[in-house]
Amino acid sequence: MAVFNTNAQAPKKPDSAEILLNLKKLNVLGSALYVAAHPDDENTAMIAWLANEKLVNTGYLSLTRGDGGQNLIGPEIRERLGLIRTHELLQARRLDGGKQFFSRANDFGFSKDYQETLNIWNKEQVLADMVWTIRKFRPDVMITRFSPVPGGTHGHHTTSAILASEAFEAAGDPKKFPEQLKYVQVWQPKRLLWNTSSFFYGSGRQFDPTGKIAVDVSTFNPLLGRSYTEIAATSRSMHKSQGFGSGANYNQVIDYLEHTKGARAEKDLFEGVNLSWTRIKGGEAVGKLVQKAIQDFNPANPSASVPALLQIKAALDKLPDDPFKTLKLAELSEVIKASAGLFIEATVVQPTASPGETVNLNAIAVNRSTVPVTLQQVVFEPNGQAVSVNQKLEKELATAKATITLPATMPYSQPYWLREPGTLGMFAVPDQYLIGLPENPPALTATYTLLINNIPFSYTVPVMYKRVDPVEGEIYKPFAVTPPVYLNIVDKVFVFADDQPKPVALTIRAGSENIAGTVALQVPAGWRAEPASLPVTLKQKDQEQTLVFKVFPSKNQSEGTLKAVATLNGKTFDNSLVPINYNHIPSQLLFPEATAKVTRLDLKIKGNDIGYLMGAGDEVPATLSQVGYNITLLKDADLNANSLKKFDAVVVGVRAYNTNDRLRFAQTTLLDYVKDGGTLIVQYNVNTRLVTDQLGPYPFKVTADRVTVEEAPIRFLKPEHPVLNFPNKITEADFKGWVQERGLYFTNQWDPQYETIISSNDPGSPPLDGGLLVTKYGKGYFVYTGYAFFRQLPAGVPGAYRLFTNFISLGKK
């Protein structure tokens, strides 16, 4: 069985403690699957405890990749945020010892109840994916983070538990999803439990542990040098895009498991599950050999265990075929490699290449022990090129070099779930083998065939790009297969407030050498671009050229999409390049279509100069500049009376009062700016961890109230208010075409000095009037808006521009 290191990670070099822990895991034949809805839902302490204390094969199935949330570390939202959170989960699993799985469900945003969730997700597809994961992973026990009883939490959360209950039974039923049985067998877990606690009972209900299984997840593991709650803190802190940095908990922490389905357990969640080698016919002898290897393990000389480990392999090979046999042989191979001090690595000299290009590969191997090891050959995929070595590995480094040509039909390294158009609720993944995987299989691999003490072994590793940075040292990145050319339209949205043309700049970058052709800009019906095309010539890889087209809008209000297309040697290419680089996750490349949103709208503006204080993941400033505002991004030094007085309005980005400590001291200055005649617009903030309680000149209370249905009706509470009339007359039509949600973190208490202008609510929910507060303060105006302009403006929603412009225009009539 091929065992891959995770893409873009340096090859692992386990120490003696890790080797011993993995050796102990060899003697446990059991598995557990944790199920929830999003990245960060999982109980990392429970996963760490299962993987490192119970020593069972542990997985986390997150139904979504977290695409619908907000981003505290950068501007990426939607699918790009989902990719970040995918790799944050993978980093978390590397720390707590679990494996990671996903379904095809798309996180479309906050959902208040499970019925809404199931109306948007394709229930049968999500259920099929869960059953597929259960049948492949074969958990003895399943644990949900949330209760299947509706109410009190996110609709996705409840749905994850409801579908887990259905999947628990369906996985063992051959009549359910029989098409999967070409690849896997039916599997029935022993029991399903809910990982509950007093947190889920709120202040009005008392938590009763009676009848629940208690688990001390704060147990100390001397091999790891930390308790599982300490490990959990580092694991959870990988969710940096959500601001979930966590401190270690050194107190005793008891978790509880409540029975949901299957055989009830009284004291231990694995009651009635055989976790020993007697689970497999003939396995008892293997268990004894493993136990002796554990007892005889010498941390000062792990290689002394290799003969005993080879005995275990010989005994394992004699057992009948069984999924546990396959799993344990793969685990044993890694323990043998680590014990022998065997290091193997395959790298490529360039980080990217296009289909049809050649790449130079270098595979190395070294043995840091006295165990006899011979490297026979290395086979490189995808073309199966074999390089014969036949060298004994002693103190010298063995190498295998090859030059291969990437197949002309090789797919780009676009994340597999983003390769085809999906729906609002689901990603499209036609390949059954890919469903559930956290990331793409590596584009290139190297399979080493070796003899260890004359016993044949093979190890498959991803081929990675590696360089040595003069400051950081060795840096690994995934090797990526890319288009030969990238087209990036500089702005993501173009808003035309009149019928005058605008320049549209795009950057063309060479993914290969000797690029020559033309580039054209496709526009919606009723629009036109000049010129029809422009020539381009790029001799060197990564060379760039900027092209500028003039785009003429339609005469009437309309929306559409611009698309850039390059024609090279009779073939067309329309991919952009989106790199995602953060220190806590491997670097990623995305190749979405080279498009931008265009909107022609009827818009009037008053005022010109805007001071903008950036929030978290904020793309609003660029969109405001599109309609003619002169935007100045404010720095801390600008938060003084002299600097602010030149602005017609100051806009504070989303969650700024959650993330910018400086605002604790600058708030008085901002409110004085309002008092002196300025307009201050504060966008939504989360109601926890605010740097100040006084967001406005008069008190108001931010809550978690929100309107999740983007089509929810809007009621005008004060139809004559300037916000709805000047300089743009706002009507119900201005609330059409909104994306993902109406708004979030509305207020529910406010000083009488504030006026509420509009109201909305989700179906079946009470009206929420506190999404928009406006007040006159001194000579100026203050606005707090929970309505989701941070999503609407980058999406080019016409009515959002018209309404936000009215905020800026307050007091300018």
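**Cavities and salt bridges in a predicted model**

Start with the second largest cavity: its lining residues divide into five nonpolar, one polar and two charged. Here Ala, Val, Leu, Ile, Met, Phe, Trp, Tyr, Cys and Pro count as nonpolar, Asp, Glu, Lys and Arg as charged, and the others, Gly among them, as polar.

This is a predicted model, where local features need pLDDT of at least 70, side-chain atom pairs count only at pLDDT 80 or more, and totals for chains, interfaces and linings use all residues. Residues are numbered from 1 along each chain as its sequence is written, and side-chain values use heavy atoms, with hydrogens and water left out.

Back to that cavity. Its lining is Pro75, Ile77, Gly617, Asp618, Glu619, Val620, Phe790 and Pro794. The space inside is about 40 Å³. A cavity is a set of points, on a 1 Å grid over the protein atoms alone, where a 1.4 Å probe fits but cannot get out; lining residues have an atom within 4 Å of a point. Grid points are joined across faces, edges and corners, and a volume is the space filled by probe spheres set on the points.

How many cavities of 30 Å³ or more does the whole structure hold? Three. Arg65, Phe102, Ser103, Arg104, Tyr416, Trp417, Phe427, Ile435 and Gly436 line the largest cavity. That makes five nonpolar, two polar and two charged.

Now salt bridges (a side-chain nitrogen of Lys or Arg within 4 Å of a carboxyl oxygen of Asp or Glu). The count is 26.

Take Lys112 and Asp762, bridged at 2.9 Å, N to O. This pair links distant parts of the chain, 650 residues apart. Lys112 sits in the loop between strand 3 (99–102) and helix 4 (114–120), Asp762 in the loop between strand 42 (758–760) and strand 43 (772–777). Helices (H or I, at least four residues) and strands (E, at least two) are DSSP runs, numbered from the N terminus. Lys112 is partly exposed, at 30% relative accessible area. Asp762 is buried, at 3%. Buried means under 20% relative accessible area, exposed over 50%, partly exposed in between (1.4 Å probe, protein chains only).

Next, Arg802 and Asp734. Their closest N and O atoms are 2.6 Å apart. Arg802 lies in helix 16 (residues 798–808), and Asp734 in the loop between strand 38 (714–716) and strand 39 (743–744), 68 residues apart. Both Arg802 and Asp734 are buried.

Last, a network: salt bridges link Glu42, Arg93 and Asp96.

Methods:
On a 1 Å grid over the protein atoms alone, a cavity is a set of points where a 1.4 Å probe fits but cannot get out, and a pocket is an open set with protein on both sides within 12 Å along at least five of seven lines; lining residues have an atom within 4 Å of a point.
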